[in-house]
Every structure is written in C-alpha cells, then in structure tokens.
Amino acid sequence: MSPNPNTLPNLPWKCRFLMNYVAYLVDMCRRPDFTVNRRLYKLFDFKSSPSKTPINGVTTSDIMVDASRNLWFRLFTPENGSGSDVSLPVIVYFHGGGFSFLSADSFPLDRLCKRFARELRVVIVSVNYRLAPEHRFPCQQEDGVDVLNFIDTTNIEGFPACANFKHCFIAGDSAGGSLAHQVTLGAIQNNFQKVKIIGLLAIQPLLGGEERTESEIRLHKSTLMPMKRTDWMWKAFLPEGSNRGHPAANVFGPNAIDISGLNFPATVVVVGGLDTLQDWQKRYYEGLKKSGKEAYMIEYPNAVHSFYGHPELPESSMLIEEVRDFIRRQCAKT
C-alpha cells in the first residue's frame, strides 16, 4: 500500500529540520554490520553539563551507580522543590534513541527532562543505561533495575528531601518506552523497602514483531521510524540469534511473558496517528487490558514520532496535561 500523501505531517520548519537532522545522523553512523561508528557520532552528540544553579527552573546533578559499567543517572529537581516540607513524585526515566544512541546528558534529552521536571513538578532520575550493540538486551533492563535498587537502598548525597519514593513512576520515550516496560517487569519482582512503583508511562514505545502492520506499510516513508531503520535497531539490540518475535520487541506476541498474575502498575500508552509504530503500541495497550491490568491509551491523530520533544507542537503541551492528571490520580490512590 502506498502512503497517503494527505497523512503526511505539516510541521513547522524547525521541527522538520531537527527530525531530518537526527534521521540523517543516525543513518550516517549506523553500519550495515549492525555496529555504530561511535567516533563519528560523538562529534554530533552535543552534551549538557549538570548545574546546581537552576536552568529554566531546574537544578541537575549526576550520580554514579556503578563506575565499572558507567552506570549513572542525571537528577532533575524543580526549583522550590528541595525542601522537606514539599512532597514530589519521582519519575525514573529512560531516554529514546533506538537503544543505540543518545545518553542522559545529551542536549535534547536533558532539555526534555528539564521540561518534564518543571511542568509536572516531579523529581526525575534519568538513567544512563548501556547502549546496543556493544551491550545487548537484557543489559538495559538490568541497568534500570539496578538503579532502582540503588535509590532504594542508598542514602544518596544531594538527593532532594522532597522526593516521595512511595509515588514512583517508570517512564520512557520511544526505545526508552519499551525499556520502561521491561524494567518495570523486572522491578516488580523485587522487594523494595522505600520505592513503590505506582505507574508506568510509555511514550510512543518502540515495539515490533515479525509481521508488518498496516501503519508500518502505510507510513514507510516516515522521517524517524521507517521499517529499514527499526529493523536495524532490533538487530543491534536483541540477543544474538533472536528475531523480532523476542518478548523484548513483541511484548504480547507468541513468546510473551505472562503478566496476568503480576502486580503490574497502571500504565499510560501514548500513540501518535502519524507514527509508523502506532499499531504495535495499540497492541501493547490491548495486551495490558487482556492481562487484566489498568491501562489507558492517549492518542493524538496528527502526532509524529517524537512530537513530545518539540514544545512548539500543540500535542506536546496536551501530553503534559494528560501526564500531570495521570500522576495526580495515581498519587491520590496511595
């Protein structure tokens, strides 16, 4: 089926430029043998330094978890949110980047988390997990669970007293949205003392399977997520010898892990109507419901993949409102 030209997004020039820049950079640095030219990529992966002085109303600091594997996180605290008389939810966040690109201190991710911390009034722990293909799944899941164990058992110097670990959410965008599910799956089998996970936010999660869905075919000329690029990402990320039927890709496929008997938290799945991945994201939502879990789907018909990273797009502000409401509802239950 040919893509319908009437469904192609009408985006501001700045958004188009940035999306095309990212797509070009990823394609330039990913190799046919499913490795990444790290030396070239680092030239264009602009970083943001942590700052104890508020920038756009948010302070940041970097906290090491395990130096042997460079596992650390960036902590985002909104202004006037550091006192013990204030109680703020905690979001443990996993960035996008196709499992192989970006980091917690990359400029666009730092900017995104600052915005979330400021506008949602939350403390954010942005995990710098190991990247594929040098480190394949389940390394990223292990990193996420280890960070949760670290904040659960460690008296962390500089961690804001306002952080309410009983109101903890796992969240991520794109590939990070997929990892958020996997980390939650691993985390709920731990007996945490301080941390209580009460919600999961999967923003346009990168999910897949062996078959081709209608949206993948119809939107195959997508700027950021055409099939040829997502196929490469899965090949670089999944364990050697695995295909897209692996449960890290096709969460509710034939090889799925049964979560019906697990204490899986309430989940919000964010879907864009111009995202090639939307059919897989909807199947994820449906799989949660069929497993008896509390799940909500937020769909923006005119949203492209990564819309949340562009404040000038109306759906980006709408998402902030929806997420704020979800956090409030979940916190009110405990």
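Reply: Happy to. Let us start with a term: buried means under 20% relative accessible area, exposed means over 50%, and partly exposed lies in between (1.4 Å probe, protein chains only). This is a predicted model, in which local features need pLDDT of at least 70 and side-chain atom pairs count only at pLDDT 80 or more, while totals for chains, interfaces and linings use all residues. Residues are numbered from 1 along each chain as its sequence is written, and side-chain values use heavy atoms, with hydrogens and water left out.

Me: Which residues of H9 are buried?

Reply: Helices (H or I, at least four residues) and strands (E, at least two) are DSSP runs, numbered from the N terminus. The buried residues of H9 include Leu 319, Ile 320, Val 323, Phe 326 and Ile 327. An α-helix has 3.6 residues a turn, so residues three or four places apart point the same way.

Me: What do the buried residues of H9 pack against?

Reply: Contact means heavy atoms within 4.5 Å. The partners of H9's buried residues are E3, H3, E6 and the strands E5 (163-173), E7 (267-272) and E8 (295-300).

Me: How many cavities does a search of the whole structure find?

Reply: Rolling a probe the size of a water molecule over the atoms shows where empty space is left. On a 1 Å grid over the protein atoms alone, a cavity is a set of points where a 1.4 Å probe fits but cannot get out; a pocket is an open set with protein on both sides within 12 Å along at least five of seven lines; lining residues have an atom within 4 Å of a point. Grid points are joined across faces, edges and corners, and a volume is the space filled by probe spheres set on the points. Here the search gives 2 cavities of 30 Å³ or more. The largest cavity holds about 60 Å³ of space, and H9 gives the most to its lining, with 3 residues.

Me: What classes of residue form the lining of the largest cavity?

Reply: Ala, Val, Leu, Ile, Met, Phe, Trp, Tyr, Cys and Pro count as nonpolar, Asp, Glu, Lys and Arg as charged, and the others, Gly among them, as polar. The lining of the largest cavity has 11 nonpolar, no polar and no charged residues. In the second largest cavity, of about 50 Å³, the lining divides into 6 nonpolar, 2 polar and no charged.

Me: What is the volume of the largest pocket?

Reply: About 890 Å³. Of its 37 lining residues, Leu 18, Val 22, Leu 102, Pro 108 and Leu 109 are the closest to its centre. H3 gives the most to this lining, with 8 residues, and by class the lining has 21 nonpolar, 9 polar and 7 charged residues. The second largest pocket has a volume of about 450 Å³, and its lining has 5 nonpolar, 5 polar and 8 charged residues.

Me: Which residues touch the most other members of the largest nonpolar core?

Reply: A nonpolar core is a set of buried Ala, Val, Leu, Ile, Met, Phe, Trp, Tyr and Cys residues joined through side-chain atoms within 4.5 Å. Of the 107 residues in the largest one, these are Phe 73, Val 92, Leu 148, Ile 151 and Phe 159. Not counting residues up to four places away in sequence, Phe 159 touches Phe 73 and Ile 151, among others.
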